[in-house]
Amino acid sequence: MTSTYRVQLTPDFGFAQAASLVGYLRDLGVGHLYLSPILQACPESQHGYDVTDHGRVREEFGGEEGVRALAAKGMPLICDIVPNHMTVPVPESDNAQLWAALRDGPGSPASRWFDFRWPVTLPLLGDDADGALRVDDGVDGRVLRYHDHAFPIRPGTEHLPLPELLEAQHYRLAHWRESPGYRRFFDVSSLMGLRVEDPEVFEATHAVTFRLIEEGVIHGLRVDHPDGLADPRRYLRRLRPHVPGPLWVEKILIDGERLPADWPCDGTTGYDALNMITRLFVDPAGRDALIETFGRHTGVRDDYETVRHDAKKHVIDLFFGERSTG
């Protein structure tokens with residue numbers, strides 16, 4: 001492998017537009033085209049990490065036909081995958097597993113995809129909740145709507161008055177500042193964690209990707225934030241046999257940290273290298289002046305380790321407490 005070139009796909013720049021660059025990139029000496037996430041995400045998403053359906057190539061980019069046409073240009077593709085989360089709120093016709101879990105409750109087979117505390121608290125309401133919540137017709141029956149968000153209604157409760165209907169659901173709509181009733185990605189309440197440690201969930205969320213690898217459409221993978229998984233090592237051991245080509249992980253290494261030697265992958269995506277390169281442009285002679293300026297403007301005069309400890313504790317208390325602004 002010589003080099004990779006990352007392309008950020010968007011609804012306005014899909015597989016066809018990326019294909020038009022292949023000749024130019026080849027002339028530059030690029031060996032592999034590295035794509036941002038290609039699975040179905042929120043329709044207007046500009047980044048693709050808010051996945052709604054791990055079983056479908058994103059329609060806005062051109063779908064499977066489009067990615068196959070891109071691969072046919074002859075430049076091997078590296079794809080970014082997002083195994084650790086999917087988006088919340090619930091797009092009515094896109095996120096089938098979350099929709100089924102919230103509609104049918106703990107007994108739903110789909111509930112095993114997520115780490116829930118029932119009834120599931122969904123923090124997204126503003127101060128206008130009393131006037132903006134309504135029951136309306138949806139794709140497959142009655143739904144609960146809040147502005148452009150839709151939520152399933154528990155079977156048998158469709159015709160209850162709104163206050164009673166809200167109390168009868170397997171979920172609870174809450175103010176956006178409340179902590180969610182599910183495991184999320186970092187402090188981002190709109191990204192719900194997935195239980196890919198469950199073999200059934202693993203297979204379902206990776207089936208399309210594995211098929212495209214087997215068919216030679218995708219050559220390698222970059223795994224988004226494996227530290228967000230319950231067991232990154234076990235996940236990579238399960239993933240590696242399906243990826244004969246390069247496999248990188250987005251592992252952010254700090255200080256003297258090293259990538260675990262028993263993680264079966266080909267290395268990180270390079271944040272550690274970039275950090276070292278950045279230091280070449282920072283003059284260490286300016287350290288004391290910067291610290292003095294920082295202290296003068298913030299009032300913080302403790303040593304760096306104390307500041308770092310207190311800052312981390314503040315973030316934990318602020319974003320991961322019982323009441324959160326995340």
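Helices here are DSSP runs of H or I with at least four residues, numbered from the N terminus. By that rule, Leu274 lies in helix α9. The model shown in every view is predicted.

**View 1. A nonpolar surface patch that includes Leu274.** Seven side chains make up the view: Ile252, Ile254, Tyr271, Leu274, Ile277, Leu280 and Phe281. Together they form a patch of about 760 Å². Leu274 is the member to find in helix α9.

**View 2. The largest pocket, with about 680 Å³ of space.** The lining counts 20 residues, and the closest to the pocket centre are Arg287, Leu290, Ile291, Tyr304 and Arg308. Three helices each supply at least two lining residues: α9 (271–279), α10 (287–298) and α11 (304–319). Helix α10 has the largest share, six residues. By class, the lining holds nine nonpolar, nine charged and two polar residues.

**View 3. The largest cavity, with about 70 Å³ of space.** The model has four cavities of 30 Å³ or more. The lining of the largest cavity consists of Val196, Glu197, Phe202, Leu229, Ala230, Asp231, Arg234, Tyr235 and Arg238. Helix α8 (residues 232–239) gives the most, three residues. Five of the lining residues are nonpolar and four are charged, with no polar residue. Rolling a probe the size of a water molecule over the atoms shows where empty space is left.

**View 4. A network of salt bridges that includes Glu197.** Glu197, part of the cavity lining, returns here as a network member. Glu197 has a relative accessible area of 29%, so it counts as partly exposed. Arg195, at 22%, is partly exposed as well. Side chains of opposite charge can pair when their charged atoms come close.

**View 5. Two further salt bridges, Asp53 with Arg56 and Asp104 with Arg103.** The structure holds 30 salt bridges. In the Asp53–Arg56 pair, the closest N and O atoms are 3.2 Å apart. Asp53 is buried because its relative accessibility is 19%, and buried means under 20%. Arg56, at 22%, is partly exposed. Asp104 and Arg103 meet at 2.9 Å, N to O. Asp104 is partly exposed at 32%, and Arg103 is partly exposed at 30%.

**View 6. The cis peptide bond between Trp118 and Pro119.** Omega is about -15° at this bond. Pro119 sits in the loop between α4 (96–104) and β7 (120–125).

**View 7. Positive phi at Phe186 and His225.** Neither residue is a glycine. Phi is near 50° at Phe186 and about 40° at His225. Phe186 belongs to the loop between β12 (184–185) and β13 (188–193). His225 belongs to the loop between β14 (220–223) and α8. Is each side buried or partly exposed? Phe186 is partly exposed, at 47% relative accessible area. His225 is buried, at 14%.

**View 8. Leu160 and Ile213, with C-alpha atoms 49 Å apart.** The two residues are 53 residues apart along the chain. Leu160 lies in the loop between β10 (149–152) and α6 (162–167). Its relative accessibility is 32%, so Leu160 counts as partly exposed.

Technical notes:
Residues are numbered from 1 along each chain as its sequence is written. This is a predicted model: local features need pLDDT of at least 70, side-chain atom pairs count only at pLDDT 80 or more; totals for chains, interfaces and linings use all residues. Side-chain values use heavy atoms; hydrogens and water are left out. On a 1 Å grid over the protein atoms alone, a cavity is a set of points where a 1.4 Å probe fits but cannot get out, and a pocket is an open set with protein on both sides within 12 Å along at least five of seven lines; lining residues have an atom within 4 Å of a point. Grid points are joined across faces, edges and corners, and a volume is the space filled by probe spheres set on the points. Ala, Val, Leu, Ile, Met, Phe, Trp, Tyr, Cys and Pro count as nonpolar, Asp, Glu, Lys and Arg as charged, and the others, Gly among them, as polar. Patches are made of residues with over 30% relative accessible area and no salt bridge: like charges are joined within 9 Å, nonpolar side chains (Val, Leu, Ile, Met, Phe, Trp, Tyr) within 5 Å. Accessible areas come from the Shrake-Rupley method with a 1.4 Å probe; for residues, only the protein chains shown count as cover. A salt bridge is a side-chain nitrogen of Lys or Arg within 4 Å of a carboxyl oxygen of Asp or Glu. Buried means under 20% relative accessible area, exposed over 50%, partly exposed in between (1.4 Å probe, protein chains only).
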